[in-house]
Amino acid sequence: MAAAAELTLLEKSLGLSKGNKYSAQGERQIPVLQTNNGPSLTGLTTIAAHLVKQANKEYLLGSTAEEKAIVQQWLEYRVTRVDGHSNKDDIRTLLKDLNSYLEDKVYLTGYNFTLADILLYYGLHRFIVDLTVQEKEKYLNVSRWFCHIQHYPGIRQHLSIVVFIKNRLYTNSH
């Protein structure tokens, strides 16, 4: 999904109805937002953080210094590790690492839903939607997290719902 489309989804999920105009620059199609009262903003995470502040939902950026740093870390991870990768092996490694990380967490920062969860959900959707039942079970923690985020009010919108089977079919998938 193009970054501009993700930012439009984010706007709606934040309750913003401004309908910002986005453009993209360069080979990697980096999003650009022309603001009404200042210079343009460039980059998915920069624009997303700006939208969160516009919506007065700063808690999505983290509430403690540590949580803010973790949110920034995951936003950077999204841009550097998830975007631009479509190689099956890269995706498997990414999902394996994320699965281990989420083993004892509900959300990426631990117990609070943040912008990092939203943007990583949008970034991973195109890969998760194509996983087989067995692959979803192999990445059980990612599947649990993803299923939880897609049911969070206003997040999924027009994206296709990914079905997860509650009963395990494959007993030795770990």
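Modeller: A polar contact is a pair of N or O atoms within 3.5 Å; within protein, one must be able to donate a hydrogen and the other to accept it, and residues adjacent in sequence count only if both atoms are side-chain atoms. The model is predicted, so local features need pLDDT of at least 70 and side-chain atom pairs count only at pLDDT 80 or more, while totals for chains, interfaces and linings use all residues. Residues are numbered from 1 along each chain as its sequence is written, and side-chain values use heavy atoms, with hydrogens and water left out.

Biologist: The backbone oxygen of which residue lies 2.5 Å from a polar atom of the side chain of Arg-78?

Modeller: Arg-78 lies in helix α3; helices (H or I, at least four residues) and strands (E, at least two) are DSSP runs, numbered from the N terminus. Its relative accessible area is 3%, so Arg-78 is buried (under 20%; exposed is over 50%, partly exposed in between, with a 1.4 Å probe and protein chains only). Beyond four places in sequence, Arg-78 touches residues including Glu-6, Asp-83 and Tyr-122, a contact being heavy atoms within 4.5 Å. The backbone oxygen at 2.5 Å belongs to Leu-119.

Biologist: Which residues does Tyr-77 contact, leaving aside its neighbours within four places in sequence?

Modeller: Tyr-77 is placed in helix α3 and is buried, at 14% relative accessible area. Its C-alpha atom is separated by 20 Å from that of Glu-58, 19 residues apart along the chain. With the neighbours set aside, the contacts of Tyr-77 are Val-82, Leu-94 and Leu-120.

Biologist: How far apart are the end C-alpha atoms of helix α4?

Modeller: Helix α4 has 14 residues, 88–101. The expected span is 1.5 Å times one less than the number of residues. That gives 20 Å for α4, and the model agrees, because the end C-alpha atoms are apart by 20 Å.

Biologist: Against which helices do the buried residues of α4 pack?

Modeller: The buried residues of α4 are Ile-91, Leu-94, Leu-95, Leu-98 and Asn-99. They cover an arc of only 130° around the axis, so they sit on the same side of α4; the arc is that of the directions from the helix axis to the C-beta atoms. They pack against α3 (65–82), α5 (115–128), α6 (133–138) and α7 (140–150).

Biologist: What is the radius of gyration of the protein chain?

Modeller: The chain has seven helices and three strands, and its C-alpha trace spans about 55 × 35 × 25 Å along the principal axes. The radius of gyration is taken over C-alpha atoms, and the globule rule is 2.2 Å times the number of residues to the power 0.38. For 174 residues a compact globule would come near 16 Å, which agrees with the chain's value of 16 Å.

Biologist: Is Asn-56 buried or exposed?

Modeller: Asn-56 is found in the loop between α2 and α3. Its phi is near 55°, a positive value in a residue other than glycine. At a relative accessible area of 61%, Asn-56 is exposed.
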